Amino acid sequence: MYNPDYSSVPMTKQGKAFAIIAITVFLCCLLGILTRPLSFLAFFWPANAALLAIFLRFPQLNNAGGWIGAFTAYMTADLLTGNGFDLTFFLSLSNLLNVSVSLFFINYFQINYRNYSKGFTFLYLFAICAFAGCLAGAAFAVFTIPHVPSTFMSADRFWIDFGMWWTGELVNAILIIPLILSMPTLGELKLAFHERKHKQYPLSHIFPLIAIFICVLMTYFLAGPGALLYPLAALIWAALTYRLFSVAVINFTVLLATYHSLNQFYLSESSSAYLSTSISVRIGLFMLSLAPLILCIISQNRHELFKQVLYLANHDSLTLAMTRRYFFQQSELLMQNAKRHPFSIIMLDIDHFKNLNDQHGHYAGDLVLQHFARTVQHNLRNNDLFARIGGEEFVIFLQNVQLQEAHVIAERIRAITE
């Protein structure tokens, strides 16, 4: 998390952090600058939210090199696109203040984003972003930027400029932060890809995506204030169907499209209509995107809890082998579904196990049972069944094997155990 002591960070790590952060923030800034629909008001400014999320996800980049890289990127992107030095300097300070204040309070309240499925961690994280970092950045901007040369903000429009800056950062945060924090690692991607190859999904699995696509089209063809609510039901459906990263990607796409269509609608009316409605539209978008994310987290947490409870109910807590009841249930299903295929059942027990318990204690006996179960499982295929049916008694169900093959497997297990 947030680490203010940068003196002990090696220079090579700081150089690496500088390069990674500078390139990332620079590209995000250019993207934001290219989406300015009106004067200097960026339609989408992902740089601040991306910087905060990267520092949270990769704390090794949160060092002096990383912060200098961010400041350099902010300054370079604005200077290259025509802003004056004074204006660029105070804009960069406002952006960095947003990130630094958010990190400070996340660290102060000990918010760990990895515990997003526990308690109110997710809500606390966004509450800090909204009412600490985003507010601090907006307040600094409206008190300083109107007084620098070539400014696009005016002291006469204090509350409008404040509201536009603050709500813009709210939307950026809710779009970018979940995307980066929930992004799977390379190992998780490989595991997910491997699981999907062996798992078939029903056609209905894509129905939420179809509904979302239709709702997004409606926001363009039937543009207006009500467009905020068009995707709500479809987003809730997606939140109950897909995992968090998928929902974050869907959320990002849908809300960006809705945001764009509403901006185009009000800009086509007049610039004043755009300014007078943007604050409420952005707050509405923030609330709209928060709902499916929270629902997905609750649904995913309950699903994981159900899987854990089901696993504990069906597996022996000591050896992690199947329970007697679950073994009989699964083996009967296999015999019914594969009547034409041969199968074998191997019964195993550990000789003189009572003497082992009496001489060395039950703890030593438990260790022997655990080691024995691991040894057996390492010598079985993934589709074979292995269960503990008594104290030191076990059973194996082998699918699609001839008697001679089963004898070889049983003998191999006996020899390794001996």
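**Close-up 1. Helix α11 and the lining of the second largest pocket in this predicted model.** Helix α11, which spans residues 271-314, gives the most to this lining, with four residues. By residue type, the lining divides into three nonpolar, three polar and one charged. The space inside the second largest pocket comes to about 460 Å³.

**Close-up 2. Helices α5 and α6 packed together.** Two packed helices are described by the angle between their axes and the distance between the axes. For helix α5 (residues 121-144) and helix α6 (residues 158-181), the angle is about 140 degrees and the axes are 9 Å apart. The two helices are therefore oblique to each other. Follow α5 as it passes α6, and you will find a right-handed crossing. The residues of the contact of α5 with α6 divide into 22 nonpolar, one polar and two charged.

**Close-up 3. An aromatic pair, F71 and F89.** A search of the whole structure finds 20 aromatic pairs, and this view shows one of them. The ring centres of F71 and F89 lie 6.2 Å apart, and the ring planes meet at 85 degrees, so the pair is edge-to-face. F71 sits in helix α3 (residues 64-80) and F89 in helix α4 (residues 85-108), so the pair ties together parts that are 18 residues apart in sequence.

Terms used. Residues are numbered from 1 along each chain as its sequence is written. This is a predicted model: local features need pLDDT of at least 70, side-chain atom pairs count only at pLDDT 80 or more; totals for chains, interfaces and linings use all residues. Side-chain values use heavy atoms; hydrogens and water are left out. On a 1 Å grid over the protein atoms alone, a cavity is a set of points where a 1.4 Å probe fits but cannot get out, and a pocket is an open set with protein on both sides within 12 Å along at least five of seven lines; lining residues have an atom within 4 Å of a point. Grid points are joined across faces, edges and corners, and a volume is the space filled by probe spheres set on the points. Ala, Val, Leu, Ile, Met, Phe, Trp, Tyr, Cys and Pro count as nonpolar, Asp, Glu, Lys and Arg as charged, and the others, Gly among them, as polar. Axes are lines fitted to C-alpha atoms, for helices over the stretch in contact, and angles run from 0 to 180 degrees between N-to-C directions. Angles under 35 degrees count as roughly parallel, over 145 as roughly antiparallel, 65 to 115 as roughly perpendicular and the rest as oblique. A crossing is left-handed if the near helix is turned anticlockwise from the far one by less than a right angle, and right-handed if clockwise. Rings of Phe, Tyr and Trp (its six-membered ring) pair if their centres lie within 6.5 Å; planes under 30 degrees apart count as stacked, over 60 as edge-to-face and the rest as tilted.
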